[in-house]
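The following paragraphs lead the reader through a single protein chain, from its overall layout to its details. Please keep the sequence and the model in view while reading.

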Amino acid sequence: MSSDDMYAGTLLTDEVVVRSATEDDLDAIVKVDAAAGGIVRTQYLFRRLKMALQDGGIRLALVGELDGSVVGFVLAAVDYGEFGRAAPSAVLDALSVHPDFRGHHVAAALFRQVEMQLRALGIETLRTEVAWDQEELMGFFRHAGFLPAARLCLQKELA
Ligand SMILES: CC(C)(COP(=O)(O)OP(=O)(O)OC[C@H]1O[C@@H](n2cnc3c(N)ncnc32)[C@H](O)[C@@H]1OP(=O)(O)O)[C@@H](O)C(=O)NCCC(=O)NCCS
């Protein structure tokens, strides 16, 4: 039995309100991101949020609220990508929950909504990249059913 099934008719994620992000959420998203990652990425997140708002359906930007405050967010994008690929996939670009509010199923609620929206778009595969030292994210993704993809990420230093 999964923990979601413990109480008939209720889910552990029920207390989390998940909604589409708006421009007004930028400050809260930047704060959550900075608290999780240690760097302030206002411009990057502003651009991503703008793109999500303009390209509804292709890019997703969702926030998770507890008691009316934004405590987590997720960014994902549909990749209709390379010609010849059997089915469109999607890329999960960022997922963060403020350190003070972890363990309250915020990421699970955000992820559930992302999965639902992508399935509704006919997307069959969700990919993401994780730095090898992002152990929390790695653990969450493993728990959420991700497996290593059959592809190698290569890079060459040009400097
Ligand atoms: C990983 C992260 C998103 C999890 O958020 P969270 O809201 O605390 O997770 P949840 O409470 O929704 O957990 C949902 C489930 O995943 C499990 N889980 C969460 N983190 C886990 C981990 N690190 N390892 C294994 N399982 C984990 C929980 O135990 C829970 O399981 P359950 O449904 O069986 O009870 C959060 O810790 C985080 O933001 N970490 C930093 C992310 C980061 O570095 N972002 C910057 C780059 S984008």
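Read from the N terminus, the chain passes through its elements in the order β-α-α-β-β-β-α-β-α. In total there are four helices and five strands. The model is a predicted one. Of the 159 residues in the chain, 29% are buried. Sequence distance is also bridged: among contacts between residues at least 6 apart in sequence, 58% join residues at least 24 apart.

The strands come next. Five strands form an open sheet, arranged in the order β1-β2-β3-β4-β5, and their pairing is mixed. At the edges lie β1 (17–20) and β5, each of which pairs on one side only. From one strand to the next, the twist averages 30°.

Two of the pairings may be followed in turn. Strand β1 and strand β2 (residues 59–66) pair in the antiparallel sense, over four bridges. In this pair, S20 stands opposite L62 in β2. Helix α3 packs on the sheet and touches β1, β2, β3, β4 and β5, while its direction makes about 150° with that of β2.

By contrast, β4 and strand β5 (residues 125–128) run parallel and are joined by four bridges. Here L92 stands opposite T128 in β5.

V71 belongs to strand β3 (residues 69–79). Is V71 buried or exposed? V71 counts as buried because 23 other C-beta atoms lie within 10 Å, and the cut-off for a buried residue is 20 or more. Leaving aside residues up to four places away in sequence, V71 touches V32, G64, E65, L66, V97, H98, F101 and V106. V71 and K31 are 40 residues apart along the chain, yet their C-alpha atoms are separated by 8.9 Å.

Which residues come nearest to the ligand? Of the 20 residues around the ligand, these are R102, A107, A108, G139 and F140. Four helices and strands, α1 (26–37), β4 (89–97), α3 (106–120) and α4 (135–143), each supply at least two residues of the shell. The largest share, five residues, comes from α4. By class, the shell around the ligand comprises nine nonpolar, nine polar and two charged residues.

Notes:
Residues numbered from 1 in each chain as written. Predicted model: local features only at pLDDT ≥ 70, side-chain atom pairs only at ≥ 80, totals over all residues. Buried ≥ 20, exposed ≤ 12 C-beta atoms within 10 Å, placed from the backbone. Contact = placed C-beta atoms within 7 Å. Near = placed C-beta within 6 Å. Nonpolar A, V, L, I, M, F, W, Y, C, P; charged D, E, K, R; others polar. Pairing = 2+ DSSP bridges. Axes fitted to C-alpha atoms, helices over the stretch in contact; angles between N-to-C directions.
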